[in-house]
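This briefing covers a predicted protein model, topic by topic. Please keep the sequence and the coordinates at hand while reading.

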Amino acid sequence: MNQTDNTRPDMTASTSASTTGLPAESDTLLRSYRRYLRLERGLSANTQEAYLRDVQRLLIFLSDLQVPPPQAELQQLQQFAAALYDLGLSATSQARVLSSVRSFFHFMAIEGYVDQDPAELLEGPQTGEHLPEVLSTDEVDRLEDSVDLADPLGQRNRAIIEVLFSCGLRVSELITLQLSNLYLDEGFIRVSGKGAKERMVPISDRAVDELKAWFAQRDAMDIKPGHEDYVFLSRRGTHLSRHMILVMVKRQAVLAGIQKTISPHTLRHSFATALLEGGADLRAIQMMLGHENIGTTEIYTHLDTTQLRREVLEHHPRNLK
């Protein structure tokens, strides 16, 4: 991130839990959020205060931009994240603050203050503290087999799990995946990753079959205007949120009897690990994941989509006969 940008508002103002000095609308929202944390989330007093301090920091930032919280967009939240970085906060502290921000906007979404949560796509820094759990192919199969296909959205959930595992997508990439970016006959999907950068990702035959089975049910849904191109939809015919995917994956893990603590990111990490253990080229794996590293970006440029598809076909367990 740019550390010389002097156009960002000063974020060194007091971050105490007091709402003094905030605009009336922000003050009211913060009070309502406090009640939500206490009554709905049942958090301890200390945890409540930590969330409130973090959110007040955001509200001061938005106030300096003259942006009411319900009108905040992803771009402003990304500016806020950049300002946290510029202050020299550790990656762990940045991640904690942004977690509070996501909680705050989730609260505003469920309470009807905003129609769409801009924080769903807000990603935090890599803390580097530990690697997530990894699922074996057998465990992924158990996860999928635990889905109740009698449920109207059961096939959707199977398809989500399989696409996450077969393509290694971030959850933010999955929920924004669009029908117009699927090239199933060619065996690829176009993914919009971090920084709005697109990449082509190979997709396995197994994932294609799961998607086609979901499409047969999706076609019968009442899809809301503006959501027609999203691959995965909610019961209400709208595109999904990160939280919906997280809840679904965790629920299926319990039903599958998987004792590991997992999240949607676990399936992405399992994708990379399965390829690596199968002997795939590390550079190809990094490119398929959409990783950009200042020291390795140049060596990726010669890898074309034909080679990427060959790496997946030869090394991912979904493609091994």
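In helix H5 (residues 137-145), the buried residues are Glu-139, Val-140, Leu-143 and Glu-144; buried means under 20% relative accessible area, exposed over 50% and partly exposed in between, with a 1.4 Å probe and protein chains only. These residues span an arc of only 140 degrees around the axis, so they sit on the same side of H5; the arc is that of the directions from the helix axis to the C-beta atoms. The face of H5 turned away from that buried side carries the exposed residues Asp-138 and Asp-145. An α-helix has 3.6 residues a turn, so residues three or four places apart point the same way.

**Basis of the model**

- The model is predicted: local features need pLDDT of at least 70 and side-chain atom pairs count only at pLDDT 80 or more, while totals for chains, interfaces and linings use all residues.
- Residues are numbered from 1 along each chain as its sequence is written, and side-chain values use heavy atoms, with hydrogens and water left out.

**Confidence**

- The protein chain has an average pLDDT of 82, and 80% of the residues score at least 70; pLDDT is the predictor's confidence in each residue, from 0 to 100.
- Residues 1-20 have a pLDDT below 50, and this stretch has 42 contacts in the model beyond near neighbours in sequence; a contact means heavy atoms within 4.5 Å.
- Over residues 293-307 pLDDT also stays under 50, and the model has twelve contacts for them beyond four places in sequence.
- Where pLDDT is low, the predicted coordinates should not be read in detail.

**Overall make-up**

- The protein chain contains 13 helices and three strands; helices (H or I, at least four residues) and strands (E, at least two) are DSSP runs, numbered from the N terminus.
- Of its 321 residues, 47% count as buried.
- Among contacts in the protein chain with a separation of 6 or more, 63% are between residues 24 or more positions apart.
- The accessible surface of the protein chain is about 16000 Å², and 48% of this belongs to carbon and sulfur atoms; the areas come from the Shrake-Rupley method with a 1.4 Å probe, and for residues only the protein chains shown count as cover.

**Open sheet**

- Three strands make an open sheet in the order S1-S2-S3, with antiparallel pairing; two strands pair if DSSP finds at least two bridges between them.
- Strand S1 (182-183) and strand S3 (198-202) are at the edges with a single partner strand each, so one side of each has no neighbour in the sheet.
- S1 pairs with strand S2 (residues 188-192) over two bridges in the antiparallel sense, and Tyr-183 stands opposite Phe-188 in S2.
- Four residues separate S1 and S2 in a hairpin, and Gly-187 in the turn has a positive phi of about 85 degrees.
- S2 and S3 pair over five bridges, again antiparallel, with Ile-189 opposite Val-201 in S3.

**Aromatic pairs**

- The whole structure holds eight aromatic pairs; rings of Phe, Tyr and Trp (its six-membered ring) pair if their centres lie within 6.5 Å, and planes under 30 degrees apart count as stacked, over 60 as edge-to-face and the rest as tilted.
- Tyr-33 and Phe-104 form an edge-to-face pair, 5.2 Å centre to centre with 85 degrees between the planes.
- Tyr-33 is in helix H1 (residues 24-40) and Phe-104 in helix H4 (residues 91-110), 71 residues apart; both residues are buried.
- Tyr-36 and Phe-107 form a tilted pair, 5.2 Å centre to centre with 40 degrees between the planes.
- Tyr-36 lies in helix H1 and Phe-107 in helix H4, so this pair ties together parts 71 residues apart in sequence; Tyr-36 and Phe-107 are both buried.
- Ring pairs join Tyr-33, Tyr-36, Phe-104, Phe-105, Phe-107 and Tyr-113 into a cluster.
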